[in-house]
Amino acid sequence: MNSQNPDPHYDVLRQTPSAETYRALRTAAGLSAKSEEAALRGLPNSLFAVQILHRGEPVGMGRIVGDGGCFYQVVDIAVRPEHQGRGLGKRIMRELMAYVQAEVPASGYVSLIADGQAQHLYAQFGFEPTAPRSVGMAYRRPA
């Protein structure tokens, strides 16, 4: 084992997942389900994406979406439950933050929405709550 790849059974793939893999990882990790149509439309617009593979099978992922200049959002941080607790979320975030450091202009705004205790992971990478100055809000289209 080495510091670049602490577990030889896990590899990093810097590639957007397929719609099928994306949808499966989201639901397995407890994130909201996305339709095939939504995944097929959205995934090609990823600015950067990473997958964690365990013996060749995707078990984790993360993406950065945005306009490529002013605004960037970290999304879809997901790790299958049977692989959680092994530092894979940190590996995903390290990959995403390497992209941020290399590609985002100094005036670019990088944001995310932290669900539950995930805020502690994101704080390790320099993310801070924006409230009360600003409050995250979401619109859910009625069915």
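**Questions on a predicted chain**

Visitor: What makes Arg55 count as exposed?

Guide: Arg55 has a relative accessible area of 60%. Exposed means over 50% relative accessible area, buried means under 20%, and partly exposed lies in between (1.4 Å probe, protein chains only). Arg55, at 60%, is therefore exposed. The model is predicted: local features need pLDDT of at least 70, side-chain atom pairs count only at pLDDT 80 or more, and totals for chains, interfaces and linings use all residues. Residues are numbered from 1 along each chain as its sequence is written, and side-chain values use heavy atoms, with hydrogens and water left out.

Visitor: Why is Asp76 called buried?

Guide: The relative accessible area of Asp76 is 8%, so this residue is buried. Asp76 has its place in strand β4, and its phi, near 60°, is also positive in a residue other than glycine.

Visitor: How is it known how many helices and strands the protein chain has?

Guide: Helices (H or I, at least four residues) and strands (E, at least two) are DSSP runs, numbered from the N terminus. For the protein chain this comes to 4 helices and 5 strands. From the N terminus on, they follow the order β-α-α-β-β-β-α-β-α.

Visitor: What makes the protein chain as compact as a globular protein of its length?

Guide: The radius of gyration is taken over C-alpha atoms, and the globule rule is 2.2 Å times the number of residues to the power 0.38. The protein chain has a radius of gyration of 15 Å, close to the 15 Å that the rule gives for 143 residues, so it is as compact as a globular protein of that length. The C-alpha trace spans about 45 × 35 × 25 Å along its principal axes.

Visitor: What makes a group of residues a nonpolar core, and how many residues has the largest one?

Guide: A nonpolar core is a set of buried Ala, Val, Leu, Ile, Met, Phe, Trp, Tyr and Cys residues joined through side-chain atoms within 4.5 Å. The largest has 22 residues, and Ile64, Val74, Met93 and Leu96 have the most contacts inside it. Two or more of its residues come from each of β2 (48–54), β3 (57–66), β4 (71–79), α3 (88–103) and α4 (118–123). Helix α3 gives the largest share, 7 residues. A second, separate core of 7 residues includes Ala19, Leu25, Leu43 and Met61.

Visitor: What makes Glu95 count as buried?

Guide: Glu95 has 15% relative accessibility and therefore counts as buried. Its place is in helix α3. Beyond residues up to four places away in sequence, Glu95 touches Val12, Arg14, Phe48 and Val50. The C-alpha atoms of Glu95 and Phe48 are separated by 9.5 Å, although the two residues are 47 residues apart along the chain.

Methods
Contact = heavy atoms within 4.5 Å.
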